[in-house]
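Subject: Model for your review

Hello,

The structure is below, followed by notes on what was found in it. Please read them alongside the coordinates.

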Protein chains: 2
Amino acid sequence: MVFRVTAFDVAQRAGVTQPTVSRALNGSPKVSDETRAKVLQAAQDLGYVINQNATRLRRGETMTLAVVLIGRAGESATETNPFYFSLLGSVAAAAAAKGYNLLVSFQGSPENFFGQYDDARQADGMIVIGTTQNPEAWAYFRGLDRPEKAWVCWGAPDDDLRWVRSENEGGGRIAARYLLEAGRKHPVFIGARASQQRQFGERYAGFAEELQKSDITPPAIDVDESLSREEQGVEAVRALLQSGQPFDAIFAACDLTALGVLRALSEAGISVPERVSVIGFDGIRAGNYSSPPLTTIEPDFEQAGDLLVQNVLNRIAGEPLTQRRVPVQLVKRGS
Amino acid sequence: MVFRVTAFDVAQRAGVTQPTVSRALNGSPKVSDETRAKVLQAAQDLGYVINQNATRLRRGETMTLAVVLIGRAGESATETNPFYFSLLGSVAAAAAAKGYNLLVSFQGSPENFFGQYDDARQADGMIVIGTTQNPEAWAYFRGLDRPEKAWVCWGAPDDDLRWVRSENEGGGRIAARYLLEAGRKHPVFIGARASQQRQFGERYAGFAEELQKSDITPPAIDVDESLSREEQGVEAVRALLQSGQPFDAIFAACDLTALGVLRALSEAGISVPERVSVIGFDGIRAGNYSSPPLTTIEPDFEQAGDLLVQNVLNRIAGEPLTQRRVPVQLVKRGS
DNA sequence: TAGCCAAGTTTTAACGATGTCGGGTTTAAG
DNA sequence: CTTAAACCCGACATCGTTAAAACTTGGCTA
């Protein structure tokens, strides 16, 4: 067994009692500068590191947030969407800035999440990030609006959940203006608009609203939500081609779908962006490597992380959610 | 404050003492079936969930592993390489299977990692995943081979660190055979072979060894390690073209580099795979979306996670590392 | 000089679990 | 019928910290 230095050891060396060490190190005002200096010196000499478990037991808080990543049924979130990695990185940065640790889970049934993290006091709050393509996972969080439960989610299939989301309508409008400026006359939306994915509906709404100003009513190809996002793009393009309706631009509900769209168009011999413009939503890295590189609407990842963390901290403090919309911007690439 | 049920409450309801509750729930043989049933019933009635912090303080172990993700200096690991997301997902699955929680960090100086996680008893062991392009971060782990420190890393710039790696030489040989079978006569290796990235050197070694059997000595384009992996591919192709040496196949040290290679070749008007075959290493998702889709050597991610976790558990138990090589396989796509 | 206040400490008591020890019951052996 | 060995379970100590209460000082007021 390895020898560990406790606050008691520090106290002995500094010639004070152990609680004084605690107060000195925690910056309590009720300790003289002289004593504090002695304690700090002793702590440094001995290489003292606080035992977080003792603090947590005593204080009843963990300074830890749990992040639960939900992929499609039977699939890890890593396979479902690389977007989540960016989001996770941003959440990690925001949590670290606030002094919080991050516990992540890619596994387990949602029913157990609270037992494992919240009830067992492993985390003070919980951030849920996942695909709406896993409705069973979300079912649990629906109606879990009890005040003592501190959680916030990204996206969310329902408006009444505690979500943080992109400025989807604004993003849709940006996409519309971009396509109009590129001289497109027949834009089409592809995405699971009618599904549980509220964000997609919002994206379409902004898109349609903006185009309406130019007297264009963009058709929307609703897709089969049981397919992967990418396959959705492929299938939608096939359906679109078969329908025979004219189109010269596609706004895909998300980047993975847009990549599927690019593939399907390429296979059909339709050149992008010459004959058809394609724009996605999310700003995933793979969009850089497609041919042509994917133009997209990208949320401000840093703010996304900040808002998720800030809002869950609000919940922990018993306060309501504050800002919940993440601004987006157009990233022009080649499509 | 929210009411929480403790083992003491359960004990009262079951009509036993609190330590008996502990024994009953932990499956101690020293408790009668009858008593155990009473305790279990009481626990269920009250919705008892154990307080992990108390257990951890008492037991001195946390059942938690820390994962530290290291990106390029000033960059989050999420930006550096999407490969890490797959690895993280696999580690999470393996840890969950062993009953371990996962604490992740994308931040902080390596000097603080042990203080934060190991010394403060927030984690029993540590898994370091990161790019060799951040030498300062690795410097700390060098020489940190003290037996009481339980850590394992992916990749690693030095052979004497506690690493887990892909079957790099085997992968190099597979790449070589693949290119030979495709009828290629002038294969080239692109990658920071001479850098601190040991894995790249191994990939080249296997590649060269296998080609040697056909009396081919593949040239290697060593690249500037200060560039991103992708830029390395771009620059290497430019250098290659400028040198005027003939080539009809490229084995890139990693997928991001391969994607850079594809881009540079495309810009130079060289068709893939007609004039030049390209093969990468890592199996990142973005390789699916390039044009053409990237052929690559992919490690078995599940095993990668298992081995990282297993080896760090070995370290925790004071045992040596066991299997450390992750098998790889060829993923044929279009390049 | 008694009385009081404030500052700085020590004392004491948790937080919620686990492990050791020992005694009381029951069962089996003598 | 006694006695020893299992077998259970309760009492108590403990992990390392923080918070509240009690207690010293010294300085200042009345």
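Contact here means heavy atoms within 4.5 Å. On that basis, 49 residues from chain A and 48 residues from chain B take part in the contact between them. Please keep in mind that this is a predicted model.

The size of an interface is often given as the accessible area lost when the parts come together. For chain A and chain B, the buried area is about 4400 Å², and carbon and sulfur atoms give 60% of it.

On the polar side, there are 14 residue pairs in polar contact between chain A and chain B, counting pairs with both residues at pLDDT 80 or more. Two salt bridges are found across the interface of the two chains. One of them joins A:Arg4 to B:Asp118, with the closest N and O atoms 3.8 Å apart.

Several elements of chain A each supply at least two residues to the side that touches chain B: helix 4 (52-59), helix 5 (77-80), helix 6 (83-97), strand 2 (101-105), helix 7 (110-119) and helix 12 (255-267). Helix 6 of chain A gives the largest share of that side, eight residues. By residue class, the side of chain A that touches chain B has 23 nonpolar, 17 polar and nine charged residues.

Strand pairing also links the chains. Strand 2 of chain A pairs with strand 2 (residues 101-105) of chain B in the antiparallel sense, over two bridges. Within this pairing, A:Leu102 stands opposite B:Val104.

Regards

How values were computed: Residues numbered from 1 in each chain as written. Chains lettered and ligands numbered in written order. Predicted model: local features only at pLDDT ≥ 70, side-chain atom pairs only at ≥ 80, totals over all residues. Heavy atoms only, no water. Buried area = accessible area lost by both parts, 1.4 Å probe. Salt bridge = Lys/Arg side-chain N within 4 Å of Asp/Glu carboxyl O. Polar contact = N/O pair within 3.5 Å; in protein donor to acceptor, adjacent residues only side chain to side chain. Helix = DSSP H or I, 4+ residues; strand = E, 2+ residues; numbered from the N terminus. Nonpolar A, V, L, I, M, F, W, Y, C, P; charged D, E, K, R; others polar. Pairing = 2+ DSSP bridges.
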